[in-house]
Amino acid sequence: MTMLEPIPSIRLKNGLEIKLKEIHTAPLISSWVWYRVGSRDELPGKTGISHWLEHMQFKGTEKFPAEERDKIIARAGGAWNAFTYLDWTTYFETMPADKIDLALEIEADRMTNSTFDPEEVESERTVVMSERQGRENNPSFWLMEAIHQAAFRIHSYGHVILGDMVDLATMGRDDLYQHYQSYYSPSNAVVSIAGDFDQEELLKRLKELYEGLPSGPEPPQVNRPEPPQRGEHRLMVEGPGDTVLAEVSYHAPPASQEDFFPLLILDSLLSGPQGLNMFGGGGISNKTSRLYTRMVEDEDLAVSVSGSLPATIDPYLYSLNLIVHPDADPERALQALDGEIQRLQDTLPGEDELQRAAKQTRALFAYGGESITNQAFWMGFSEMFASYEWVTGYLDSLEAVTPDDVQRVARQYLVPQNRIVGVYLPHNKGNKGS
Amino acid sequence: MSKQEFTPLKTESLPGPHDITRVELENGTTVLVRPNFNSLSIALSGYLQAGSLYDPEDKLGLADFTADTLMRGTTTRSFQELYDSLESMGASLGVSPGAHTAGFGGKSLADDLPSLLDLLGDILINPVFPEADVEKVRSQLLTGLDLRSQDTGEMADLGFDQIAYAGHPYRFPSDGYPETIRAIQVQDLVDFHAKHYGPQEMVIVIVGAVEPDRAVALVKEKLGSWSNPNQPEPIQVPEAPPLEKTTRQHQIVEGKSQTDIVLGVVGPRRNWEGFYPALLGNSILGQFGMMGRIGESVRNKSGLAYYAYSSLSSSVGPGPWTVAAGVAPENLDRALDLIQEEIRKFVAEPVSPEELADVQSNYVGKLPLTLESNSGVASALLTMERYQLGLDYLQGYEQMIRKITREAILEASRQYLDPDRLAISTAGPPL
């Protein structure tokens, strides 16, 4: 099984980068177009614009009116979606192999031909507001938003991807169209396709579709590095509910930095294994992780723990999240979490723990690699902050991590001065009346 | 835009009698295996007759609680040992009950299948329900219920079941209520397991990099000698009569930005002859493309909601046929009007020939994608076994879908979706 081998990049004259990988296990092809734009490219007044723009990309072009386009993909039995993240925005279709041309045409067309009808902009305004309101219904959203605001005073990672309500209310059609023209162009995009095709034939078709498009302007760069934090931030968010939530977030290195992999192993020891699978493949539980064992099993301080270390272009956050046990004092829970971090700083982890973390990651890759949608996802995703070699070398990078590395990054990053501690305190018991 | 020509499915590449092994063990368990040597892993799934319909009314959540406690320790392994084995292999295993059955599922690298089956056998046959562990699970379940009470989508769902299934066994939530979870004793869990966990009518599906004979032999070795003479017959649930008139209920959840809507009727059973016409009709109503006609009306044209879609969840019993949407509280009545208008239109006249052709192509075309992964195939095999569709179900699937008519869709939909007898449940800030 040649699941994770490097593949060459092909660059068209207009700057479009193409990654192709033939996989002939099922009559399917997954095609992705990635744009190097996300919430990191947004300043106050325009927060949420990248995500709203993603919605507008489903509103149609002259060639493919909106309602017709959705039907074309669905009629063929394809799956499609789009995602806006901190650093990127992506669109994908996974199709029966003999129908892939429809997806290729649609994506090439909407790279430059979306119309941004003013009426549709208005009706989508309330849809993106509704998406945010739906998220607001979950207490963890408020905690997450407050932590981001506290962590990033300067950098655009400080606002949520969905944007602030005031900006969603005030931005207009021209703002969206300008954003589109600035960032949606071949020179700012990557196409990644995996599945049941002949590489030469597919490349020829991609050239037909894309080579005629102008390269596009140099996209504006928002470059506002976050200065080092000076002292621990602590915050509290109050709202309805009965359950106390806690999050501890540390400023963390970007994915391309060498400390990223030791931190991934550290996270695996603390909160359990994470994979890179976006589409199925399933996960592995974290019941034997250090934090779960101590906080959930041994001391009844939490009912669940989880961790996340997203791969980003700029330094972002390593976060640990707790659902605090109903009978526990949140401060005691946070002290126990500190105790486990202290243990990592004081005592070298065993080689066996590291090997186990690597085996878990290998298994997650095996599960996820069975989906060609995941395969094509990995190929483009990694190009957004590093390169595909970051994925193909992922297991080696993890296996190269030593106990000393883990201890070193624990001592360097997991210190109070570098973190934000947030607690969600429910102030009522909800209203159960009808 | 011209309509696409369709290429018929290559039926020989779909799982079927030529590559599915089906064996009935002496103890009443059915094993299905489909090899896939393109993969490195194994997907395992199945069910046994231990769903929440067996919960006593004052101990709702008992089936859930039992399933969640199975992995807290067995006669030979502690919780820590169980999970250490599992997580060290990079494998997963879990049990989650539905109304009729408790489903289980797992995943491992191919070499670890014997260990995974060993663990499955151990937790199903030999759980010990240690008291301290039961209390830990209880805290987790109660916290889950606290979170549920803050989840407007879940609260609207619960409200729908109360209205649409009044007097029917489906009216109760499988995760119970705080007071019923608190009422459950360790002995209740022990008794529930002793009575309901057994090999009669159990189904195990294994898909992945394993020879079928070996997989069957492994199941026999780990679970073949299990027996339980106390197992009752599977529960049959009655029909749920339609409401006399549209009934609306609002559940207040304070401090929320959005109100969730769940609206609909009690739908058909999975084995009803009109099920497939209803399924295709449902897709036209609220799924196809960007959430069908309802998505077009509520999201695309009116901008009222990020999600607005319909679902048909038929099962052994009469499952719900619903529309769900999340809207700003001030738009609630408008959204309800639009959704009801779409339902009214949907049962007033047949869908268009284009709509039917589109949805037929969709159902046929997406089959290879749903069968791409081992777990996708396992899920298809499980459905085939549960509803006795036959091992050649997928071979006849395209023909079955393509012969559905507009009239059949109208007839099936009219039989259930009565726009004057809807259960309308909403949850969010006060009205």
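User: Why is the crossing of α10(B) and α11(B) called right-handed?
Analyst: This is a predicted model, so the label describes its computed coordinates. A crossing is called right-handed if the near helix is turned clockwise from the far one. α10(B) and α11(B) cross in that sense, so the label is right-handed.

User: At what angle do the axes of helix α10 and helix α11 of chain B cross?
Analyst: Roughly 145°. The axes come within 10 Å. Helix α10 covers residues 288-301 of chain B, and helix α11 covers residues 332-348. The angle is taken between N-to-C directions on a scale from 0 to 180 degrees, so a value of roughly 145° can stand as it is.

User: What makes residues of α10(B) and α11(B) count as meeting?
Analyst: C-beta atoms within 7 Å, placed from the backbone. On the α10(B) side, B:Arg293, B:Ile294, B:Ser297 and B:Val298 take part. On the α11(B) side, they meet B:Ala335, B:Leu338, B:Ile339, B:Glu342 and B:Phe346.

User: Which classes make up the contact of α10(B) with α11(B)?
Analyst: Six nonpolar, one polar and two charged residues. B:Arg293 and B:Glu342 are charged because Arg and Glu belong to that class. B:Ser297 falls among the others, so B:Ser297 is polar.

User: How do you know where domain 1 and domain 2 of chain B lie?
Analyst: From the domain assignment. It gives 16-223 for domain 1 and 247-428 for domain 2 of chain B. Their centres, taken over C-alpha atoms, are 28 Å apart.

User: How many residues of domain 1 of chain B are in contact with domain 2 of chain B?
Analyst: 31, against 35 residues of domain 2. On the domain 1 side, β2 (30-35), β3 (41-48), α5 (152-164) and β6 (203-208) of chain B each supply at least two residues. α5(B) gives the most, with nine residues. By class, that side has 15 nonpolar, 13 polar and three charged residues.

User: Which domains does the assignment of chain A give?
Analyst: Domain 1 (9-210) and domain 2 (233-426). The centres of these two domains of chain A are separated by 28 Å. Their contact takes 32 residues from domain 1 and 28 residues from domain 2.

User: Which elements give two or more residues to the side of domain 1 of chain A that touches domain 2 of chain A?
Analyst: β2 (17-22), β3 (28-35), β5 (89-96), α5 (139-151) and β6 (189-195) of chain A. α5(A) gives the most, with eight residues. That side of domain 1 of chain A has 18 nonpolar, eight polar and six charged residues.

How values were computed. Residues numbered from 1 in each chain as written. Chains lettered and ligands numbered in written order. Predicted model: local features only at pLDDT ≥ 70, side-chain atom pairs only at ≥ 80, totals over all residues. Domains from an automatic or database assignment. Contact = placed C-beta atoms within 7 Å. Helix = DSSP H or I, 4+ residues; strand = E, 2+ residues; numbered from the N terminus.
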